[in-house]
Each structure stands twice: as C-alpha cells, then as structure tokens.
Amino acid sequence: MSVRLGEILVKESLITQDQLQKALEFQRSNGGKLGSCLTRLGFITDDDITGVLSRQYGVPSINLKYYEIDPNVIKLIPQDTAARYQVIPLSRVGSILTIAMTDPTNVFAMDDIKFMTGFNVEPVVASEAAIGDAITRFYGGPSSNTEELTNLMKDLVEEDQELELAAEESELDTATLEKAAEEAPIIKLVNLILTDSVKRGASDIHVEPYETELRVRFRVDGQLQTVMSPPMRLKDAITSRMKIMAKLDIAEIRVSTVPTLYGEKIVLRLLDKENLRLDMTKLGFESASLEKFQRNILKPYGMVLVTGPTGSGKTNTLYSSVATLNTVDTNIMTAEDPVEFQLSGINQVQMKEQIGLNFAAALRAFLRQDPNIILVGEIRDFETAEIGVKAALTGHLVLSTLHTNDAPSTISRLMNMGIEPFLVATSVNLICAQRLVRRICTNCKEQLQVPEQALIDAGFTPEEAKTTKIYHGKGCTTCGKRGYKGRTGLYEVMEINDELRELILVGASALELKKKAIEQGMITLRRSGLLKVAQGQTTMEEVLRETVL
C-alpha cells in the first residue's frame with residue numbers, strides 16, 4: 001500500500017513528490033510504514049492521511065482517541081493478530097464485526113480475521129498512531145520501561161546513523177558485528193528489553209526478523225504479546241549483542257537461534273529464580289491429589305512420573321519434589337537437559353550429547369554413585385525407560401517426565417516403548433498429569449453470567465451448575481488489560497494401587513484405566529479445572545482451552 005498511499009497524497013496535493021521520495025528513503029533506512037514516516041518527518045498529519053483514505057476507498061474514518069471498546073469485543077482478535085495487521089476490533093452487531101484498520105485494502109487481513117472469528121468484517125479507517133495507541137490501551141498498557149524503549153528507538157533512528165549496518169549480508173563481517181554490538185545505544189536497548197521482560201513477568205523473549213519488520217515479543221503467562229519493533233537496520237547488532245551476553249550467565253538466560261528467511265530469529269528463556277515455587281502446597285494441587293503425590297514421593301523406591309506438554313510446569317513440580325526430599329542423609333542425583341536452576345545439596349548433571357552423555361548414559365553412571373533418589377529430565381526412548389524401571393525395582397526412587405495427554409495414557413506410552421506390562425505394573429507408583437492456566441486478575445475480577453446448560457456441557461453437574469458463580473477479569477492496568485495475572489496448575493494424580501496393577505498386567509486400555517481410577521477418586525484435569533473455576537481462580541475459557549472431557 002506504501003506506493004499507492006504516496007501517489008494518492010501527491011495527487012491530493014497534500015505532499016510533494018520530493019517529500020514522498022525523502023519519506024521512502026527514510027522508510028528504507030529505518031523501517032515502518034510510509035504514513036508513519038511521513039508524519040515523523042513532519043510532512044503531513046495522521047488526520048490528513050485518514051481523511052484521504054476514507055475518501056479514496058469510500059470507507060468511514062474514526063477517531064479512536066475517545067472511543068471505548070467492550071472488552072468482550074477486544075477478545076475476539078488476539079493481540080499478536082491486531083499488531084500484525086494494525087487493526088482493532090470496535091463492535092459486533094449480529095454476524096458483523098466492525099474493525100478499524102490502517103489499510104482498508106488489506107483483504108488478506110480481513111479474510112484472516114473473518115476465518116478466525118467466524119464473523120463478516122466491515123472496515124473503518126484510523127491512523128497508524130491511533131491504532132497503535134488503541135492496541136496498547138486495550139491489550140496492555142506500557143510500563144515506564146516501554147516508554148523508555150520507545151524514546152531510545154527514536155534516538156537510535158534520529159541520532160545514531162553511524163550504527164547503520166551494510167544492507168547486504170555478504171558485506172557483514174565479525175569485526176563489524178562485534179563493533180556494532182558494543183555501541184552504547186545497542187547495549188542500552190538490549191538491556192532495556194531484558195529488564196522490561198522481567199518487569200512484565202515474561203518467561204521468553206522472541207526477536208523475529210521479517211522482510212520489512214523486526215518484531216520483539218514477550219511470552220507472559222503463557223501468551224505471546226508484541227512489545228516493540230526496532231528499526232530493521234539494527235537486527236544484526238541486536239542479535240550479536242544477545243549472543244555476547246549469553247556467555248555471561250547461562251544460569252539465568254538460555255539463548256537459542258535459528259536462521260530464518262530474513263535473518264536469525266533469537267529466543268531467550270528467562271530463568272527467574274524468584275518465580276520458582278518449591279513449596280508444593282502453592283502449586284495448585286487439590287488437597288486429595290497433593291496427599292497422594294506427597295505419599296508416593298516419600299516411598300523409598302519406585303517411579304513417580306510427571307506428564308504434560310512443554311511449558312506445563314513439569315520442571316517446577318519435579319524441583320518442588322526433590323526440594324521436599326533434600327536432606328543431609330539423602331543422595332539425590334539429577335540428569336537434566338538443560339539444568340535450569342541450581343539447587344543446593346543436589347548433584348545436578350547437564351546432558352552433553354556431543355560426548356555421549358545422554359539420559360541413559362547418565363542413569364548408568366548414577367547407579368554406581370550410591371543414589372537414594374534419581375531425577376531424569378525426560379524419558380525419551382526405550383533405553384532410558386528400561387534403565388529407569390530397573391532402578392525403581394532395585395531400591396531407588398526415580399522421578400521423571402513424559403509427554404502424554406493424561407495420566408492413564410502414560411501406561412500405554414511406556415508399553416509402546418517396549419517395557420513389559422509386569423515391569424510397568426510393579427515399578428510405577430504414581431503418575432501426575434498437569435497443565436497451566438492463567439489466574440483471573442484479582443484487581444479487576446467480576447462475576448459473569450453464564451447459562452446453566454453451558455456449565456453442564458463443560459462438566460459441572462446440574463446441581464453444581466445452579467450454584468456455581470463464574471468470574472472473569474474485565475481488564476485493568478494491573479494486568480495490562482488482559483484480565484489475567486499469574487498462573488496456576490491443574491493436576492490429575494493417578495496412584496497405582498493393586499486394582500490398577502491387575503488391569504495393567506492384563507493389558508487394559510488407557511480408557512479402562514481412567515474409568516477405574518475415577519471410580520477410586522482420581523480428580524481429572526478437567527475436574528481440577530472446574531474446581532478452580534468454581535473457586536474463582538480461573539475462567540471457563542482457560543479450562544476449556546487446556547483440558548478435554
């Protein structure tokens with residue numbers, strides 16, 4: 001749209017051809033949209049651009065400055081989609097969703113939103129600055145740190161032209177990158193990105209290069225959100241700076257890079273010791289589930305398995321377990337990939353595949369080290385599973401993780417790996433499946449009216465549906481307008497007793513095991529979620545997103 005917009009503005013005599021060329025050169029150097037470049041150079045105002053587009057395309061314009069939007073409408077379009085397409089949902093009437101756009105000709109954006117929401121889309125025009133402000137206002141307000149980032153980027157664009165890197169990759173060399181990475185503005189920019197991520201409680205930072213945009217996103221409470229778009233010409237210096245910093249303290253920042261079509265994408269995992277909860281009573285276990293879990297990790301031998309997808313809090317649960325068991329008369333050894341947190345009094349070993357130190361090799365070595373308790377980061381293959389089972393049967397307590405959907409299917413997974421049913425039945429003491437869901441912000445929590453039938457369909461009994469109160473967060477400055485602040489766990493704890501062992505020995509399916517475990521009082525993941533909904537800790541949307549009936 002950039003060239004078309006420029007031609008329209010010249011045709012309307014709002015800018016000159018010379019001003020258009022200067023703006024296009026500024027855009028090539030600094031990135032961003034043409035309209036934004038024109039306003040930053042002082043050639044035109046946002047209102048002028050909005051008015052022209054409105055007349056040109058026959059689409060109404062809107063001033064978002066004083067426009068209030070229903071939070072339920074905002075939730076129809078995720079923040080990353082709104083930022084990517086520079087749109088903001090305004091209102092919904094029947095099957096029509098009205099959205100404000102900077103580019104009313106972007107049919108790809110409208111088709112994507114129509115497919116995502118299931119509504120027909122009607123566009124109105126708003127300026128790029130107004131939509132940017134609205135995204136910040138309704139999806140998450142900036143911290144003072146974010147404002148500092150914005151000001152710093154302006155300084156980089158306007159005052160530090162000497163940092164401009166060669167456009168062609170072939171012209172880049174190590175010395176150039178190192179020099180750029182050590183420039184004071186780049187150091188300050190990267191430091192601010194890191195400190196802002198910690199203030200927001202982010203677990204990961206994503207720095208992603210695209211053809212015309214460099215995007216920085218934070219993962220907060222499990223959800224990604226766009227926080228800034230530095231000038232494209234700084235991408236190599238930023239990446240190099242982060243690589244240099246990665247060598248300083250690998251215990252607190254874990255860095256991964258991958259070459260993409262337009263440059264290296266870099267992801268930083270922030271390992272905040274303050275967020276590591278070693279008190280098992282604060283993880284979110286229901287009292288009955290916690291009692292079973294604690295009873296089984298205190299047994300002198302056998303296997304306790306924690307299952308769930310990546311990012312479901314398995315590592316935290318395992319660390320909480322070994323912290324509970326960590327006494328001076330106990331030898332605890334862990335094999336981890338990677339070692340995320342250093343725990344005093346525990347022998348932690350980092351896996352190194354390049355020298356043959358994998359989970360199976362570490363387990364064999366551990367068995368010659370007189371251990372009481374062994375923690376294996378993950379059971380990935382038959383060899384690791386077999387050694388773990390044998391260790392559990394020869395007087396050791398083994399803690400580990402697998403990637404399975406629920407607790408009963410873990411039994412099938414072990415047997416599919418090649419472990420004999422009688423070995424599984426006799427070695428496994430307990431399986432805990434878990435998920436993480438976002439907590440409702442306590443500052444803006446309010447009751448929500450939900451039809452009883454919807455609660456029954458989700459899993460509540462008819463009696464519970466009559467009395468259960470449902471809550472959600474309407475959004476405030478405390479939670480960045482998201483309605484959520486922090487996370488809690490959902491837990492499905494299956495203790496392997498004699499009846500379940502008999503079923504395992506005869507090759508019972510995961511469905512049969514689940515049915516028997518529920519009869520014996522197992523709280524499923526869905527039930528754990530519903531209990532937290534009834535307690536006002538989380539929302540129905542979170543539970544439905546993470547669990548199945």
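The protein chain has a mean pLDDT of 85, and 89% of its residues reach 70 or more; pLDDT is the predictor's confidence in each residue, from 0 to 100. This is a predicted model, in which local features need pLDDT of at least 70 and side-chain atom pairs count only at 80 or more, while totals for chains, interfaces and linings use all residues. Residues are numbered from 1 along each chain as its sequence is written, and side-chain values use heavy atoms, without hydrogens and water.

Colour by pLDDT. Elements are DSSP runs numbered from the N terminus: helices are H or I, at least four residues, and strands E, at least two. Next, select residues 158–172, where pLDDT stays under 50. Where pLDDT is low, the predicted coordinates should not be read in detail.

Now select α8, residues 128–139. Its buried residues (under 20% relative accessible area, 1.4 Å probe, protein chains only) are A130, I131, A134, I135, F138 and Y139. Seen down the axis of α8, they fall within an arc of 140° (directions from the axis to the C-beta atoms), so they line one face of the helix. They pack against α5, α6, β1 and β2. At the N-terminal end, S127 caps α8, with a side-chain oxygen 3.1 Å from the backbone nitrogen of A130.

Finish at C476, which is buried at 10%. Its sulfur is 3.7 Å from that of C444, the closest cysteine sulfur, too far for a bond. With a disulfide taken as two cysteine sulfur atoms within 2.5 Å, the count is 0.

Terms used. Expected span 1.5 Å × (residues − 1). Buried < 20%, exposed > 50% of the residue type's maximum accessible area, 1.4 Å probe, protein only. Contact = heavy atoms within 4.5 Å. Polar contact = N/O pair within 3.5 Å; in protein donor to acceptor, adjacent residues only side chain to side chain.
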